[in-house]
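Please read each point alongside the displayed coordinates.

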Amino acid sequence: MLDTLKKIRARLSQVVDSQGLSLYDEREVRALADLLLEEICGVSRTDRLLHPDHILSTVQRERLMTVVARMEQGIPVQQALGYAWFYGARFEVSPDVLIPRPETAELVDWIASDLRSHPASTSSTSPSVSMPLTICDIGTGSGCIAISLARNFGDAKILALDVSAPALNIARRNACQQNVDNIQFAQIDVLGYVDNFESTSVMTSENNTFPQGYQHFDVIVSNPPYVCRNEAAQMSEIVLKHEPEVALFVPDDDPLIFYRAIARLGQRHLKKGGELYFEINAAYGQATCELLRQMDYREVELRCDVTGRDRMVKGRIC
């Protein structure tokens, strides 16, 4: 096992980007090698320290080297494995969806904590309420937000939207693999949808409308595109080359384009007292809050992630 571990570390330490710079520093190399051993072989770092002479099977070694070979091409470890862990569950990922990130799990935590005291929650102490929680996840990607909330609120009625058909296919598979059946998936271009209902009282595209029965929500949540194009130079090639541009970038001259559109959508589709939650670009925390206040959202709150960066915003519709 130790020889295999050394080979993995040696190969990952030689992975470079288009500028010839190492993609992984020494700390990352060691962490990734440990991760691969645990995910593929079920051998944790503690196991390895306690049983250094443990012998890996031929199948395990071949699987390890197959994944390492993919990572040598600059493919993220999650895509090389085919999945990512999020909120205690395994999610299929591919270049068609963003890889779920820890800060998004913090957003799910915030929503779940708030919803546990909601009158319609199954964990509520109010047994007289018969209407289920209604939640809309805009830009669902892998489905990580919608599915995590569905697992925690089994009686909730959830709509998960994305502009990308391939992303929706992955989200549907993730829901199926996790035995989640309270999510309706729909392909909607949220910018086009909002432009449409702002310009006419009658929707003109049957393929860009909310499904029947999914019109009014207690919660709308979104982790929309929020990276400005001028920020790309500071980003890793691992992200730029292997995650979907449509889920990452916004115009430099209009970084809040999705927040404005979704807040406008919330004015139409949130129930009175309903709440809107965003994951945000840390550089635009105050600007996002001000946008919501200008659009008559109340109790606007900005929260930091575990690293201290502005990362989440909530507002309530009146």
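1. Helix axes are lines fitted to C-alpha atoms over the stretch in contact, and angles run from 0 to 180 degrees between N-to-C directions. In this predicted model, helix H6 (residues 102–115) packs against helix H7 (residues 144–152) at an angle of about 35°, and their axes are 10 Å apart. The crossing of H6 past H7 is right-handed.

2. The contact between these two helices can be described residue by residue. H6 contributes Thr104, Leu107, Val108, Ile111 and Ala112, which meet Cys144, Ile145, Ser148 and Leu149 of H7. By class, the residues of this contact comprise 7 nonpolar, 2 polar and no charged.

3. The model contains an open sheet of 7 strands with mixed pairing, in the order E5-E4-E3-E6-E9-E11-E10. Strand E5 (183–187) and strand E10 (297–304) are the edge strands, each pairing on one side only. On average, neighbouring strands of the sheet are turned by 15° against each other, direction ignored.

4. Helix H8 (residues 165–177) lies across E4 and E5, and its direction is at about 170° to E5.

5. Of its 10 residues, 7 are buried, so E9 is largely enclosed by the rest of the structure; buried here means under 20% relative accessible area. E9 runs parallel to E6, to which 5 bridges join it, and leucine 270 in E9 is the bridge partner of phenylalanine 217. With E11, E9 runs antiparallel, again through 5 bridges, and tyrosine 277 stands opposite lysine 314 in E11.

6. Helix H11 lies across strand E3 (134–138), strand E6 (217–222), strand E9 (270–279), E10 and strand E11 (310–317), and runs at about 160° to E9.

7. Which members of the largest nonpolar core touch the most other members? They are Phe210, Ile220, Leu276 and Tyr297, in a core of 41 residues. Helix H11 (residues 257–269) supplies the largest share of this core, 6 residues. A second, separate core has 33 residues, including Ile111, Ala156, Ala171 and Met312.

8. Tyrosine 297 may be inspected individually. Leaving aside residues up to four places away in sequence, tyrosine 297 touches Ile262, Ala263, Gly266, Gln267, Leu270, Leu276, Leu292, Gly315, Arg316 and Ile317.

Terms used
Residues numbered from 1 in each chain as written. Predicted model: local features only at pLDDT ≥ 70, side-chain atom pairs only at ≥ 80, totals over all residues. Heavy atoms only, no water. Core = buried A, V, L, I, M, F, W, Y, C linked by side-chain atoms within 4.5 Å. Buried < 20%, exposed > 50% of the residue type's maximum accessible area, 1.4 Å probe, protein only. Helix = DSSP H or I, 4+ residues; strand = E, 2+ residues; numbered from the N terminus. Contact = heavy atoms within 4.5 Å. Pairing = 2+ DSSP bridges. Left-handed = near helix turned anticlockwise from the far one by under 90°. Nonpolar A, V, L, I, M, F, W, Y, C, P; charged D, E, K, R; others polar.
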